[in-house]
Amino acid sequence: QDGSSWEDLVELRRLTDRLGIKWQFVKWSPPGAMLGADGQLHDVPGFTREWIATLKDLDAHGCRPHFIDLSNEPDYFGIKAPTYNELVKSVRVALDANGFREIGIVGPGLTHVGADNFGVYDRALDADAEKALAVWATHAWEDTWDDRSGNSAVTPLRAAAFVGRCRERDAAKPVWYTEYATAARRFHGVQYPDSDTESENYCGSFTQAFAA
C-alpha cells in the first residue's frame with residue numbers, strides 16, 4: 001500500500017499470524033520495461049527474476065507470503081495465455097530453486113469467469129503449468145450491462161461453469177474467487193444508484209460492492 005513502511009507491514013503480519021490469516025501477494029502487472037511494443041509481456045525470465053527478488057525482500061522482513069498471484073488480471077494487463085503458461089512454469093521452478101517451495105501459485109486470476117475468457121487460458125495451460133498452480137483462481141465482476149435491474153444472475157451461471165471446468169482438470173485443487181463485485185443495488189429494501197452510469201464508486205457503502 002502506498003505510504004506504508006516496513007514497520008507497518010511487519011506489524012500487520014504479526015496480527016494476521018495471530019489470527020491464522022494467510023497472505024496472498026500479487027504484482028499488479030509486469031514492469032513496463034518487460035513489455036513489448038504491443039503492451040504484452042515478452043520477458044518471462046526477467047519477470048521471473050523480478051518475482052524472486054521481491055519474495056527475497058519480503059522474506060528478509062518477515063513477510064513471506066503463503067501464496068502469490070503472478071499478475072492482476074493477466075488478460076487485461078498484458079500477459080497472453082501462452083505466455084502465462086510459460087510464466088507459471090518458470091516461476092514455479094524458480095520458487096523451488098530459491099527456497100520458496102511452500103509458496104503456492106494461484107491463478108490465472110482473470111477479469112471474469114466467462115468461458116470466452118477462462119477458456120482461452122484453460123486451453124493454453126499444459127500439464128506442467130496445471131501442476132505448477134496450487135489453486136485455481138479468478139475474479140468475478142458481475143456484468144451490470146447484462147442486467148440493468150441491479151440483480152444480475154449472470155455471474156453465478158458463469159461461475160458454475162468455471163468451477164466445473166476446474167474440477168474436470170484437477171478435482172483436488174481448490175477454486176478461489178480472489179476478487180468479487182456484485183451488480184446488485186437493492187439492499188434491505190433500498191435501491192442504490194448504479195455506479196456504472198451515475199457516480200463512479202457510489203453504492204450502498206459509497207464504494208463498489210466489492211470484496212477480495
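Student: What makes Tyr76 count as exposed?

Tutor: This is a predicted model, and in it Tyr76 has a relative accessibility of 61%. A residue counts as exposed when its relative accessible area is over 50%, and Tyr76, at 61%, therefore counts as exposed.

Student: How do you know whether Phe77 is buried, exposed or partly exposed?

Tutor: The limits are under 20% for buried and over 50% for exposed, with partly exposed in between. Phe77 has a relative accessibility of 22%, so Phe77 counts as partly exposed.

Student: Why is the pair formed by Tyr76 and Phe77 called edge-to-face?

Tutor: A pair of aromatic rings is described by the distance of the centres and the angle of the planes. Rings pair if their centres lie within 6.5 Å, and planes over 60 degrees apart count as edge-to-face. By this rule the count comes to eight aromatic pairs, one of which joins Tyr76 and Phe77, at 5.0 Å centre to centre and with 80 degrees between the planes.

Student: Which residues do ring pairs link into a cluster?

Tutor: The cluster linked by ring pairs consists of Phe118, Trp136, Phe162 and Tyr177. Trp136 also has the charged end of Lys173 over its ring, 5.8 Å from the ring centre.

Student: What makes the charged end of Lys173 count as sitting over the ring of Trp136?

Tutor: The charge has to be within 6 Å of the ring centre and within 35 degrees of the ring normal. For Lys173 the distance to the centre of the Trp136 ring is 5.8 Å, which meets the distance condition, and the charged end is reported as sitting over that ring. The charged end of Lys27 likewise sits over the ring of Trp51, 5.4 Å from its centre.

Student: What makes Arg13 buried, and where is it found?

Tutor: Arg13 is found in helix H1, and its relative accessible area of 9% is under the 20% limit, so it counts as buried. Leaving aside neighbours within four places in sequence, Arg13 is in contact with Trp23, Gly62, Cys63, Arg64, Pro65 and His66. Arg13 and Cys63 are 50 residues apart in sequence, and their C-alpha atoms are 6.4 Å apart in space. The side chain of Arg13 also reaches the backbone oxygen of Arg64 at 2.6 Å.

Student: What makes Glu73 stand out in its phi angle?

Tutor: Most residues other than glycine have a negative phi, and most peptide bonds are trans. Phi of Glu73 is near 45 degrees, a positive value in a residue other than glycine. Glu73 lies in the loop between strand S2 (67-69) and helix H3 (81-97). As for the peptide bonds, a cis bond joins Gly107 and Pro108, with omega about 10 degrees, and Pro108 is in strand S3 (residues 104-110).

Student: How confident is the predictor, and where is the pLDDT below 50?

Tutor: The mean pLDDT of the protein is 84, and 79% of its residues reach 70 or more. Over residues 144-151 the pLDDT is below 50, although this stretch has 17 contacts in the model beyond near neighbours in sequence. Over residues 200-207 the pLDDT is also below 50, with 12 contacts of that kind.

Technical notes. Residues are numbered from 1 along each chain as its sequence is written. Side-chain values use heavy atoms; hydrogens and water are left out. Rings of Phe, Tyr and Trp (its six-membered ring) pair if their centres lie within 6.5 Å; planes under 30 degrees apart count as stacked, over 60 as edge-to-face and the rest as tilted. Buried means under 20% relative accessible area, exposed over 50%, partly exposed in between (1.4 Å probe, protein chains only). pLDDT is the predictor's confidence in each residue, from 0 to 100. Contact means heavy atoms within 4.5 Å. Helices (H or I, at least four residues) and strands (E, at least two) are DSSP runs, numbered from the N terminus. A polar contact is a pair of N or O atoms within 3.5 Å; within protein, one must be able to donate a hydrogen and the other to accept it, and residues adjacent in sequence count only if both atoms are side-chain atoms.
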